[in-house]
Structure formats: structure tokens, C-alpha cells
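Subject: Structure for your review

Dear colleague,

Please find below the structure that I am handing over to you.

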Amino acid sequence: MGTHYLERFFQPDSVAVIGASDTPGSVGRQVMDNLVADGFQGTILPVNPRHRTIRDRPCVARVTRLSQTPDLAVICVPPRHVHRVIEDCGRHGVRAALILAAGLGAPGTGIKRLERDVMATARRYGIRVIGPDWVGLMRPHLGLNATYSRHRAAPGRLALISQSGALTSAVLDWADSRRVGFSTVCSLGDTTDVDFGDVLDYLALDQGTRSILLYIETITDARRFLSGLRAAARLKPVIVMKVGRQQEGYRAATSHTGALVGADDAFDAALGRAGAVRVPTIGQLFAAAELLASGRRLGGDRIAVISNGGGPAIIATDLLVERGLQLAQLSGTTLETLNQTLPARWPGENPVDILGDAGPDRFSQALQACAGDQGVDGALVLLSPQARTDPDGTAAALCDSHSGRKPVLACWMGGTHIRSARERFTAAGFPNFATPENATEALSALSRYRRSQALLMQVPEASGTRAEPDLESAQSIISAAIAARQVRLTPCQSKAVLTAFHIPVTTTLVARSPGEARAAAQQVGLPVAVKINTPDISHKAAVDGVRLNVLDADAVEAAYAEIMAAVGRARPDVTPDGVSVEPMHTARNGKEIMLGIVRDPVFGPVVSFGSGGSMVEVIHDRAVSLPPLNDFLARDLMIRTRVGRHLGLDADSQLRDQLEHALLRLSDLVCMLPQVTDVDINPVIADDTGVVAVDARLHVRESESDGYNHMAIMPYPRQLESVETLPDGTTVTVRPVRPEDAEMEKAFIHGLSPRSRYYRFMQHLGRVSLPMLVRFTQIDYDREMALIAVDTSGGEPREVGVARYVTNPDAESCEFAVAIADDWQGRGLGRRLMERLMATARDRGLRRMEGQVLSANRGMLGLMDRLGFRRHRIPDDFRILHVERDLTT
């Protein structure tokens, strides 16, 4: 496996400081001072034409004159010199550069072109760049402090990635006072090249990083960000603070969905899909950081509250419940222990009020009893400095007595009297907070992380065969509209597109005269709704262009005349194409639902579900998610709304299945039709008889790509599906794996013989764990692929083979694995799957494929030989051979 493409930034053996200086106050001086003072373990190479030596180290005029090629170049020169320096770095073989220069691409300076030239040169030489306009990079365990900050970072297991130099400095100052250490501090600045996604991708596999904090102002590459975030958050907690929650003028409200769903909703939806946790304030970011630094995790939401006063306990209880946690129900054994330990007048329940005269022993005994309860997942211990309280002694007792895995937080409230106790807690690495608000928020962050990981472990149900959409018809309608310069489809056009994706709609006919309106009404059945038919008017009722519940044919003709006259007065600039006539949907117990899509400028399409009708913007009941959806995500989307809970959509029902079907089809629509930017399906009438879309509106624009570039999350790549005929004439379907294939994948692995299972996993694998099953079926199609072979000759689909690859950290190679069902071995299936897998990897720009094969697996080694793979022995392990193949030939 190749090294990660950011290895030179985060694990350099040598650093060139270009613009190094001994001038006080200069950036070059500060960087040199920091590298020397922090004890960088590698070689420091100063570069500056005005100096012969700096800090007792020889200094050369240009990087091209260095006797070695540095792993990392830290560029501290003024903006006008950066381009020349990057050119020199490229010629000398440097492949990683930190640009600390400010204003390189600042608007209004006339040097935005300079930034473009710098990046073009960097790309030409294959140089990865962090910056410009940033504080720098720290790796404390290496002594690497390539920043111009005066702050230091102690070694630890917490990583900080920030777009704000000021916030980075504030966090470092806070961390110093709280003795919180870091594995990495990276202030990204202008993300012209390396961005959040790249750094997250590196930190996901960094053994020295246990948890990650992000401070985000803007996202430039949503797919890369989400791909890196998903990889990291599956392995370790990621806590995110993003500013800009209130973005005025985020988008013009051209649709109800656009008015309801803002940029912040899209960001929250993205975090939800990735499994990360968001906090809204700096205080909460600090609180989460402190608890994460302790290394303890919540196993559940049941919290014991221990306090020497009723007031603080009640405050903490209210805050816990508000933040989604719950008071633990103490067991009978725990209550008996507390009864023997505490005064008789204690309340006898959680919260555990140990009374105002409690000393260190009483605090310690109460904590030990609660922490030992199997029904308690964590504890919050509060102390207020009363007359007989010993804050410092109690802190010492807690530090000495608690060494378990459950998180225990101390909240010593006050100032002067508890200062030494806080210092004791901090010195011991015991999470401690000044207020119940910060303490409960820290617990809430851990709880939300645990829940997000639990959601990621949910396995969608296997889905039956769904009818394919009539993609050609839908694209034809949209192409014709775009050619006619329409930005909004008419209701008839919109419903035709929905019909192509098997979303139920009411019949709609267009009438261009009163007589045609009468005939249309008689055809669809009275009573009817009559509406103005034009793509130029978004809100028809606002121009008096709607008549509902029209009861007879004469009234239909009158409605036609009234609508045309009203619209002519209100919008004389519009030439309507007659009116639309559709049956009134008069379900007695029906509920109005709204389904929608809005195009976020960063994260692309966002799916919305909520209450429908004319008052949607007042009711404001909606939930959002990023497509593509599966059945679990669709159900989660529905039950996050009030209307979803009111309709009982958290339980099995025909109504839930039909709404789920509509959401999944809407997700398909926006994945397959990049020209669609906004969708309003409002109202959708949901009742005992089914689900039907009564009104719909689609916004379109010409798309730059026919692929999935408009999606933040790569959808299922259906273009890789094929039917393969094997040499013996047998046919199988080869396609990418889907999350819904979990049970089929499980059956496939369990169906392998012990020998085949051992050959695949190189160990005796018994039961397939849920995390393993999720890992095998919920893949990131951007960075990995799993092609499965499915046999349907027996009626039920059966997986009979799989070949998969995962992109290596170097982003140029991938590691593969393949397994074939025992009764399908020797029939050419393995070769066919590997050929398809190699072609897919090649199309994705990967240059090399590699893997490991047991030396006893003669059949697999023979296949590797036939496919052109080369073999290599692995030192010190005679059982395994390394095989690899160049994909460029």
C-alpha cells in the first residue's frame, strides 16, 4: 500500500523554510523560531538570498541550491515572489508546500490572477498546496510547528482543522490552560488545493488521532468533503462547528421548498449522512473537545446526576432532558448502597442529592455506587461551594476513585473557592466544567455521536424489483422545455415527468377554450379544479388563477373565462397556454403532504418531506436529507416531521410504504436528471386509499454534465450493471453492491466453505458482524467499488461472487479482494469479475491494483497469473504473496 498523498505535510523528515529570516516580527523568523523551539525531529533548511546562516544553520539563496530535496516547503515570502518560489520548488522535486503569504488571491487587489498562476504551476509539477492566507500546521509529537503563531500545542490525541486563524489561536490558548493536547493543528486558510476532505481522509487513518474538531466557514468541494468526513466519522468522533447559519438571501423563494430549506439545512443533512456531530457555539466546541480529550465514550443516554444541592441538580436535569439525554433509573442494589452511605433525608432517587454538608468521602461513595450501576451510562457530579464543602479535597477524591470507562464529568460551580480544584482536575485529565450548560452540552455531543453511528449501522431491507423509470420520456420533456427557454415546467409537463418515475399523480388535461375546458371536465369527472396553465407564474393563486371544486360544466366554462381575464389583468406580460383541468381529490381523512427538491449551491440536491398545503411556509414542518435515499433513510426522513409522527409512519403500514416509494422515486429522479433544480409536489394527498400528487412544479436548467457531478454523494452507478455470459453458457447479472444487499451478502459469506472463507479473509471467520456487513455493502462509490455476481435462475436472487477494491491512501493505487461461491468456482466467474473490476478502476484514474493471496490458494494465484499480475514474497511471512498489476498497460 502506498503512503498517503499528504504524508509529506504531516510526517516530513525535512522542512525548507523559504523566506527564513532573523528579523524580529517577520513571518520567516517566527516559523524558524517555532520549528527550533518545538524541537522538530527532522532537518530544517533555511532559504533566503540575504543570509548565509540563520539560527546556526547554513542558508542558501534558492531552494534549487539545497543539497537535498525537502519533504515540505514552508513559503514565507511576499505574494509577488510566491510564483517564482513554486517554480523553483517544482524544479527541485518538492511535492508539498505550505503557503503562508496573505492576500495572494484577495479580491480587489489585482492579484487574483497570481493565485491562478501559482496553482497552475503547482499542478504542472505535481505539488500539493495548503494555503495561502493561513496560520500553518502543527504536529506536536514530531515537534513540527510550521506556523507563525506564538502559541504552542502539547502532544495529544485530538486533531483541530480550522479555516480561521483567529479561532485556531483561541483554541490553542484555551487548550494550554486546560492541558488539552493535539495530534494535529491545521489552519487551512484559502482552500485552493488541499481542503477539508483531503485532511479528513488523512486523519481517518492516522493512528495518533482519536477524535477531530472542525471549524468551517465555507466548503468548496462538497463531494470530497463528504467522502473524507464519512471515512473519518466511521472510525472516530468528528465534532463540527460551522458559521453562517443565518444566511440572508440564501436563495430566492421560487418554490415552497426553496423558501423552507436553507443552506444550513443542507449542511446539517450532509453531516447526518456522514455521521458527524454539529455544535453551534465556541463554548460547546470547547466542551466537546474537553470530553473527547479524556478518551471516554457514552454507551447510552442514561445519566446519573450527583450534587450537593437541589438547585444545581434540577438545572442539570432540565438541561440533560432538553438535549436528548435522560436520567438513569437507578437499580435496587444501587439505591440500597446509597441508603447505607447517605444521610436518611436524601431524596432516594436520581438526581442524587447528597446534601450540602457532603464531604469528599460522600461524593466518592455516591459516584462509585452510580458508576457501577449497569443502568447508568455516564455521570455528572456537581458541587457548589457551601459552608462545609471541601472543593479541592473532593476533586482529589474523585480523581483517585474513578478509573472506569464510563464518562464522568465534574462541574464545580463558582470562582475563587474552587479554582484550585479545577486546576487539580485539569492536571489529572478529568473533564471538568464551570457551568451545567457546558457540561451537559459535552455529554450531548457524545450522545449525538453515538446515535449517529448507530444510524450508520442500520441496514436497509432488501427491495423487490422496481420498475425502471421511463427516462427517455422524462428527458424528452425536459429537453423540449429547455429548448423553449422554460425555467419552470407546466403542471402537465411536471406530472408527466413524475409519471415517468412512477409517482402517482392526478389526471390533468389542458384546455385552450371554454368548450375544451367543459369537455376536459366531463372526461376527468366533476367536480374539478381549474388552474391557469403557464410556466411563467409560480404562485397561481396570487394572480387569481385558480378555481377549486367547480361542480358543473357551465361553471367550468365560466371559470375558464374568469381565470383568463384575471391573469390578463394581473400579468399582462404573460401569454398563458389555456388552463389545466384536473379532478378534485376529496379524500375525507386525507392529509396534505409536501415532497420537494431544492438545489443547494454547495451540496447539490436536497430532498424535503413535510406538511403540505397552502400554509406550508407558516407551519414550517419539514425534514431534509441528501440523496440518494434508501428505504431506511426515507423512513427516517418521514418520522422526523410532526406530520410523519401524526400519521404513524414509524410503524409498518401501506401508507408508509407508498410515501416511501414516492420519496425513493423522487430521489431517483433528481439523481438521473441533473437538469432538474427544484421540485415542489404540493399537495400530495395521503389517505387510506393511497398517495397521489395533486399539484407539481419542476424547475429546470441546462446541465453541464449528464453524469452525477451535481450530487454531493455519489449515487449507485447503474451504468456498471451488465449481464455476463460465462464460458459454459451460464448468465449472471454483474452490478455494484447496494446497501439493500446486506442479507444477500451475509448469506453469501456464510455459504462459503471454511476453506474458501479462510482464503478470502486469511483467518477463520465465524459469524459476520453487523459493522462488517455495513462496511461491505454501504460503500463510498467515489473511492471504492464492489461488483457482485447475482444468479436468478433459481427464482430468488443469490450472490455467487464478489470482487471489490478500495483506493489506497496514495490515491493512485487500489487493493482488491475477490471471492466466489464454491459451486461456481472453475467456471470463469472470477476472471470475469476481476476484468470488470480492473476496467472500473482504470476508468476512475487508478494506475495500479494490488492484493495479497495465500500461497496455498493455487486457484487464485493461477487467476492472477492469467490476468498479468506479478508476484512478490512478503518478508517474514511465507504464507502470503503480494500480487500487483499496472493498470495503465
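The notes below set out what was found, topic by topic.

This is a predicted model, in which local features need pLDDT of at least 70 and side-chain atom pairs count only at pLDDT 80 or more, while totals for chains, interfaces and linings use all residues. Residues are numbered from 1 along each chain as its sequence is written, and side-chain values use heavy atoms, with hydrogens and water left out.

Aromatic rings

The structure holds 11 aromatic pairs. Rings of Phe, Tyr and Trp (its six-membered ring) are paired if their centres lie within 6.5 Å; planes under 30 degrees apart count as stacked, over 60 as edge-to-face, and the rest as tilted. The pair of tryptophan 412 and phenylalanine 425 is edge-to-face, because the ring centres are 4.9 Å apart and the planes stand at 90°. This pair links distant parts of the chain, 13 residues apart: tryptophan 412 belongs to strand 19 (residues 408-412) and phenylalanine 425 to helix 15 (residues 419-428). Helices (H or I, at least four residues) and strands (E, at least two) are DSSP runs, numbered from the N terminus.

Are these two residues buried or exposed? Tryptophan 412 is buried, at a relative accessible area of 1%, and phenylalanine 425 is buried at 0%. Here, buried means under 20% relative accessible area, exposed means over 50%, and partly exposed lies in between (1.4 Å probe, protein chains only). Elsewhere, Phe196, Phe225, Phe267 and Phe603 make up one aromatic cluster.

Charges over rings

A charge sits over a ring if NZ of Lys or CZ of Arg is within 6 Å of the ring centre and within 35 degrees of the ring normal. Arginine 827 has its charged end over the ring of tryptophan 824, 4.0 Å from the centre. Arginine 738 lies over the face of tyrosine 716, with 5.2 Å to the ring centre.

Salt bridges

Side chains of opposite charge can pair when their charged atoms come close. With a salt bridge taken as a side-chain nitrogen of Lys or Arg within 4 Å of a carboxyl oxygen of Asp or Glu, the count comes to 54 salt bridges.

One of them joins glutamate 562 and arginine 547, at 3.1 Å from N to O. The partners come from distant parts of the chain, 15 residues apart, with glutamate 562 in helix 20 (residues 553-570) and arginine 547 in strand 23 (residues 546-550). Glutamate 562 is partly exposed at 41% relative accessibility, whereas arginine 547 is buried at 18%.

Arginine 798 and aspartate 823 also meet in a salt bridge, at 2.9 Å from N to O. Arginine 798 is in strand 34 (residues 798-807) and aspartate 823 is in the loop between strand 35 (813-820) and helix 28, so the pair ties together parts that are 25 residues apart in sequence. Arginine 798 is partly exposed at 35%, and aspartate 823 is partly exposed at 45%.

A further salt bridge, 3.0 Å from N to O, connects glutamate 884 with arginine 870. It links strand 38 (residues 877-886), which holds glutamate 884, to strand 37 (residues 870-874), which holds arginine 870; the two residues are 14 residues apart. Glutamate 884 counts as buried, at 16% relative accessibility.

Backbone geometry

Most residues other than glycine have a negative phi, and most peptide bonds are trans. Leucine 355, although not a glycine, has a positive phi of about 80°. Leucine 355 is located in the loop between strand 17 (352-353) and helix 13 (360-371) and is buried, at 11%. Histidine 502, also not a glycine, has a positive phi of about 60°. The loop between helix 18 (491-500) and strand 21 (509-511) contains histidine 502, which is partly exposed at 32%.

Where are the prolines that follow a cis peptide bond? Leucine 526 and proline 527 are joined by a cis bond with omega about -5°, and proline 527 is in the loop between helix 19 (514-524) and strand 22 (528-532). Asparagine 682 and proline 683 are likewise joined by a cis bond, with omega about 5°, and proline 683 is in strand 28 (residues 676-687).

With kind regards
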